[in-house]
Amino acid sequence: MNTCASNMKFLLGLLSAHILLYVSYQHTSVFWYLYTAAILVCIAFSITIEKTDMDKQPFFQSALYGIIGGFALFGIVLLGNFLINVLNLNGLERDIAQIFKKLGPEMAWHYLVLFIFIIPGEELFWRGFVQKKLMLYFKPAITICLSAILYTLPMLYAANTALLLAGLAGGLIWGALYQWKQSLSLVIISHLVFDILMIGIFPLI
């Protein structure tokens, strides 16, 4: 009975996330308000339904692996961007420009909520809640793939292929890191490093 109730709460959490993220992507003029609210709801689901274990290793190790993971993912994105330019994939080039223009942070408070709430909240929900649940039922490789797919699916609502590909790459990298060390600190730091590189230091547009 407890397992059934837990599974129902898990599905309710996923459904709620999809509804909230769909609404966020459909109203780009107020995206940052809606997406921030959606992530706060996801955080509430995560901390009320699932016990959260931030770390199973020293923080220094989490930080080190997180930084390496963030740079590695950024390297993958740079390689992908290079291939897009070499192969003259104009559709993906337009997608990259479009997603930065429509959803990229512009105001100071966008960056504030991104780094304080959204990035930690995404990792708390998609890795600390969703992937942790999948780990109970599936082998590691399957868990990582399923977790990455579930993380990427809501991005379909943005109707942007470049965002989907980047989301899938991030989902696989962060899913693998979480599966390896089961450390939320690690994946949060990795996600933070990646976004700082991607948005603040070496933007692609």
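A: Let us begin with a pair of helices, numbered from the N terminus as DSSP runs of H or I with at least four residues: α4 and α7 are roughly perpendicular to each other, a term for angles of 65 to 115 degrees. This is a predicted model, in which local features need pLDDT of at least 70, side-chain atom pairs count only at pLDDT 80 or more, and totals for chains, interfaces and linings use all residues. Residues are numbered from 1 along each chain as its sequence is written, and side-chain values use heavy atoms, with hydrogens and water left out.

Q: At what angle do α4 and α7 pack, and which residues make the contact?
A: The angle is about 85 degrees, and the axes, which are lines fitted to C-alpha atoms over the stretch in contact, with angles from 0 to 180 degrees between N-to-C directions, lie 7 Å apart. Contact (heavy atoms within 4.5 Å) is made by Leu92, Asp95, Ile96 and Ile99 of α4 with Thr161, Ala162, Leu163 and Leu165 of α7.

Q: Why do the buried residues of α4 line one face of the helix?
A: An α-helix has 3.6 residues a turn, so residues three or four places apart point the same way. In α4 the buried residues (under 20% relative accessible area, with a 1.4 Å probe and protein chains only; exposed is over 50%) are Leu92, Asp95, Ile96, Ile99 and Leu103. Seen down the axis of α4, they fall within an arc of 100 degrees, taken from the directions from the axis to the C-beta atoms, and so line one face.

Q: Which exposed residues does the face turned away from the buried side of α4 carry?
A: That face of α4 carries Arg94 and Lys101, while the buried residues pack against α1, α2, α3 and α7.

Terms used: Helices (H or I, at least four residues) and strands (E, at least two) are DSSP runs, numbered from the N terminus. Angles under 35 degrees count as roughly parallel, over 145 as roughly antiparallel, 65 to 115 as roughly perpendicular and the rest as oblique.
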